[in-house]
Amino acid sequence: MNITKNTALSLLLAFSLGSTCVIAYAEGTVNSPNETIMHIEKAKVEISHRDFMPPSEHLKAARAASEKVTGNPDIVKKANASIIQAQIKTNQFDIKGATDEMNKTLELYKSLKSE
C-alpha cells in the first residue's frame, strides 16, 4: 500500500511539473514587438539630442529583438528592413532620414500589436 501511495504521489508530482514547464515554454514563444518598440523610442530620443552613439546601440538592440518578433511576415520583413535603413542613415549622420525610418518602423510594429 505504501509503495502504491509513493508511486501515485511521484506520478502526480511529475505530471504537475511537466505541465508547468510546457506552459512556461508556450508563454516564452510568443514574441511581441514591445521590446523592439522600446529600443526604437529610446533611439529617437537620443537622436533628437544629437548624440549618435547611444541610438546606434539602441538600434542594434532593436534589430536583435526584431529577429524574434512574430506576426504577419510581410509587416515583420518591412519593419526589419526599415530598422536596417535607420541604422544606415544614423551612420551617415542623416538625422531626419533616420527619424523617418524609425517612425515608419514604429507604425509597422504597432500595427502588429493591434492584430
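This is a predicted model: local features need pLDDT of at least 70, side-chain atom pairs count only at pLDDT 80 or more; totals for chains, interfaces and linings use all residues.
Biologist: Does G71 count as buried, partly exposed or exposed?
Modeller: Its relative accessibility is 48%. Buried would need a value under 20%, and exposed a value over 50%. At 48%, therefore, G71 counts as partly exposed.

Biologist: How do α4 and α5 run relative to each other: roughly parallel or roughly antiparallel?
Modeller: Helix α5 spans residues 95-114, and its axis lies 8 Å from that of α4. The two helices pack at an angle of about 160°. Angles over 145 degrees count as roughly antiparallel, so α4 and α5 are roughly antiparallel.

Biologist: Is the crossing of α4 and α5 left-handed or right-handed, please?
Modeller: We have the packing angle of about 160° already. As for the hand, the crossing in which α4 passes α5 is left-handed.

Biologist: What kinds of residues make up the contact of α4 with α5?
Modeller: On the α4 side, the residues include I75, V76, I83 and K89. They meet residues of α5, among them M102, L108, Y109 and L112. Sorted by type, the residues of this contact are four charged, seven polar and ten nonpolar.

Biologist: Is Q87 buried or exposed?
Modeller: Q87 lies in helix α4. Leaving aside neighbours within four places in sequence, Q87 is in contact with L59, K60 and R63. Its relative accessible area is 14%, and the cut-off for buried is under 20%. Q87 is therefore buried.

Biologist: Stepping back, what pattern does the chain follow along the sequence?
Modeller: There are five helices and zero strands in the chain. Reading along the sequence, you get α-α-α-α-α.

Biologist: And what share of the accessible surface of the chain belongs to carbon and sulfur atoms?
Modeller: Of the 115 residues in the chain, 30% are buried. The accessible surface comes to about 7,600 Å². The share belonging to carbon and sulfur atoms is 61%.

Terms used. Residues are numbered from 1 along each chain as its sequence is written. Side-chain values use heavy atoms; hydrogens and water are left out. Buried means under 20% relative accessible area, exposed over 50%, partly exposed in between (1.4 Å probe, protein chains only). Helices (H or I, at least four residues) and strands (E, at least two) are DSSP runs, numbered from the N terminus. Accessible areas come from the Shrake-Rupley method with a 1.4 Å probe; for residues, only the protein chains shown count as cover. Axes are lines fitted to C-alpha atoms, for helices over the stretch in contact, and angles run from 0 to 180 degrees between N-to-C directions. Angles under 35 degrees count as roughly parallel, over 145 as roughly antiparallel, 65 to 115 as roughly perpendicular and the rest as oblique. A crossing is left-handed if the near helix is turned anticlockwise from the far one by less than a right angle, and right-handed if clockwise. Contact means heavy atoms within 4.5 Å. Ala, Val, Leu, Ile, Met, Phe, Trp, Tyr, Cys and Pro count as nonpolar, Asp, Glu, Lys and Arg as charged, and the others, Gly among them, as polar.
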